[in-house]
Each structure stands twice: as structure tokens, then as C-alpha cells.
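Have the sequence and the coordinates open side by side. The text below walks through the fold, helix by helix.

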Amino acid sequence: MINTLQDLLTFDSIYLFANWGVVPFWLLLIFIPSHPITKFFCYSIIPFLLLGVGYAFVSYQIFLEGNILEGFKLYLSLDSLDEIYANESFRLIFWLHFLAVCLFTGTCIARDCLKYMIPKIFSIPCIIATYFAGPVGIIIYWFIRIFYAKKINFND
């Protein structure tokens with residue numbers, strides 16, 4: 001039986017909640033990008049606030065562990081990155097970071113598709129690719145967008 005909030009907020013439960021918690025946002029972006037529900041939930045700060053709370057909690061746990069400066073080892077070498085990922089709290093915080101950035105990017109793609117009236121048949125694969133492989137989805141979308149926007153602009 002769960003006695004305290006601390007017992008509920010394990011790294012495993014945060015991981016599962018974050019992973020399954022982003023799925024409804026992605027489904028809204030894929031299937032009903034222009035619907036008011038999508039605009040309220042996905043095009044607002046709501047998903048990022050939820051992921052940010054998890055990120056802040058895990059950051060606080062890292063601080064309590066006394067490992068706050070360990071994260072800077074990732075800039076030293078690839079082996080250092082392996083060492084950091086061996087730590088469960090750092091692995092989780094990087095995963096939350098990845099989920100937030102990919103969801104933000106997916107949201108930008110969905111909005112941009114609406115702006116340039118890109119058909120769903122083209123936007124859906126881009127959004128799905130962004131969900132699973134971040135930058136690959138962005139690249140695919142960028143090439144499709146060039147065709148529909150009729151311009152190449154690196155700053156738009």
C-alpha cells in the first residue's frame with residue numbers, strides 16, 4: 001500500500017507516466033491538429049508544464065543525491081556519457097528532456113502544417129517520425145514544407 005507521495009513518485013512511475021502521458025498529445029497532433037481541444041492541450045504550455053514538473057522533481061532528487069555536477073561529465077567523452085546513463089536519475093532526466101523537445105517540435109510541425117495547408121497524408125508521417133526519431137522527422141518535414149511554402153528559408 002502506498003503510504004506517502006514519495007512512495008508513488010519513484011523513477012519508474014515517473015518514467016511510465018511521462019511515456020504514456022505524452023501519447024494523447026501526439027495523437028491529437030496527428031489526427032485532429034486544428035481542433036479546439038488540440039489547440040487547448042497541445043498548443044499551450046500544458047504538456048511542457050507537466051513534463052517540467054517531472055524534470056524539476058528528478059533534478060531535485062539529483063541535488064539530494066549530491067550528484068548535481070556529475071551531469072557535466074557528458075561533455076568530456078562518449079565513455080563519460082555511458083557513465084552518466086548508468087545513473088538512473090540522469091537517464092530519466094535526459095529522457096524527460098527528449099520527450100519535451102520532441103513534443104515541442106511535433107507541435108511546431110503540426111502548427112506549420114496548418115499554416116501552409118499541408119495535407120495530413122504528408123504531415124502524419126513527419127509527426128510520427130518526430131515522435132520516434134526527433135531530427136529525422138524535422139528533416140523530412142522540412143523537405144515537404146519547401147514544396148508547399150514555395151520557398152527555402154532557414155529562419156522561418
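A residue is called buried here when its relative accessible area is under 20%, and exposed when that value is over 50%. Helices are DSSP runs of at least four residues, numbered from the N terminus. Keep in mind that this is a predicted model.

Start with helix α4. Its buried residues are Pro 47, Leu 51, Gly 54, Phe 57, Val 58, Gln 61 and Ile 62. These residues cover an arc of only 145 degrees around the axis, which puts them on the same side of α4. An α-helix has 3.6 residues a turn, so residues three or four places apart point the same way. The other side of α4 carries exposed residues: Leu 49, Val 53, Phe 63 and Leu 64.

Now look at the surface. Which residues form the nonpolar patch there? They are Tyr 60, Phe 63, Leu 64, Ile 68, Leu 69, Phe 72 and Tyr 75. Together they have about 860 Å² of accessible area. Of these, Phe 63 and Leu 64 were listed above among the exposed residues of α4. Phe 72 sits in the loop between α4 and α5 (78-85). Its relative accessibility is 55%, so Phe 72 counts as exposed.

Step back to the whole chain. The protein has eight helices and zero strands. Read from the N terminus, the order is α-α-α-α-α-α-α-α. The C-alpha trace spans about 50 × 40 × 20 Å along its principal axes. Of the 156 residues, 33% count as buried. The protein exposes about 10000 Å², and carbon and sulfur atoms supply 73% of that area. Take the contacts with a sequence separation of 6 or more: residues 24 or more positions apart account for 63% of them.

Helix α2 is the next stop. It covers residues 11-31 and has 21 residues. From first C-alpha to last it reaches 31 Å, close to the 30 Å expected at 1.5 Å a residue. Its buried residues are Phe 11, Ile 14, Ala 18, Asn 19, Val 22, Phe 25, Trp 26, Leu 28, Leu 29 and Ile 30. What do they pack against? Their partners are α3 (36-41), α4, α6 and α7.

Thr 107 lies in helix α6 (residues 88-115). At 5% relative accessibility, Thr 107 counts as buried. Leaving out residues up to four places away in sequence, Thr 107 touches Leu 29, Cys 42, Tyr 43 and Phe 48. Leu 29 is one of the buried residues of α2.

Side chains of opposite charge can pair when their charged atoms come close. How many salt bridges are counted in this model? The count is one. It joins the side chains of Arg 145 and Asp 112, at 2.3 Å from N to O. Arg 145 lies in helix α8 (residues 135-149) and Asp 112 in helix α6, so the pair ties together parts that are 33 residues apart in sequence. Are the two partners buried or exposed? Arg 145 is buried, with a relative accessible area of 5%. Asp 112 is buried as well, at 14%.

Met 117 has a positive phi of about 55 degrees, although it is not a glycine. With a relative accessible area of 69%, Met 117 is exposed.

Finish with helix α7, residues 120-133, which holds Cys 126. Cys 126 is buried, with a relative accessible area of 0%. It touches Gly 137, Ile 140, Tyr 141 and Ile 144, not counting residues up to four places away in sequence. Cys 126 and Ile 139 are 13 residues apart in sequence, and their C-alpha atoms are 8.5 Å apart in space.

Notes
Residues are numbered from 1 along each chain as its sequence is written. This is a predicted model: local features need pLDDT of at least 70, side-chain atom pairs count only at pLDDT 80 or more; totals for chains, interfaces and linings use all residues. Side-chain values use heavy atoms; hydrogens and water are left out. Buried means under 20% relative accessible area, exposed over 50%, partly exposed in between (1.4 Å probe, protein chains only). Helices (H or I, at least four residues) and strands (E, at least two) are DSSP runs, numbered from the N terminus. The arc is that of the directions from the helix axis to the C-beta atoms. Patches are made of residues with over 30% relative accessible area and no salt bridge: like charges are joined within 9 Å, nonpolar side chains (Val, Leu, Ile, Met, Phe, Trp, Tyr) within 5 Å. Accessible areas come from the Shrake-Rupley method with a 1.4 Å probe; for residues, only the protein chains shown count as cover. A salt bridge is a side-chain nitrogen of Lys or Arg within 4 Å of a carboxyl oxygen of Asp or Glu. Contact means heavy atoms within 4.5 Å. The expected span of a helix is 1.5 Å times one less than its number of residues.
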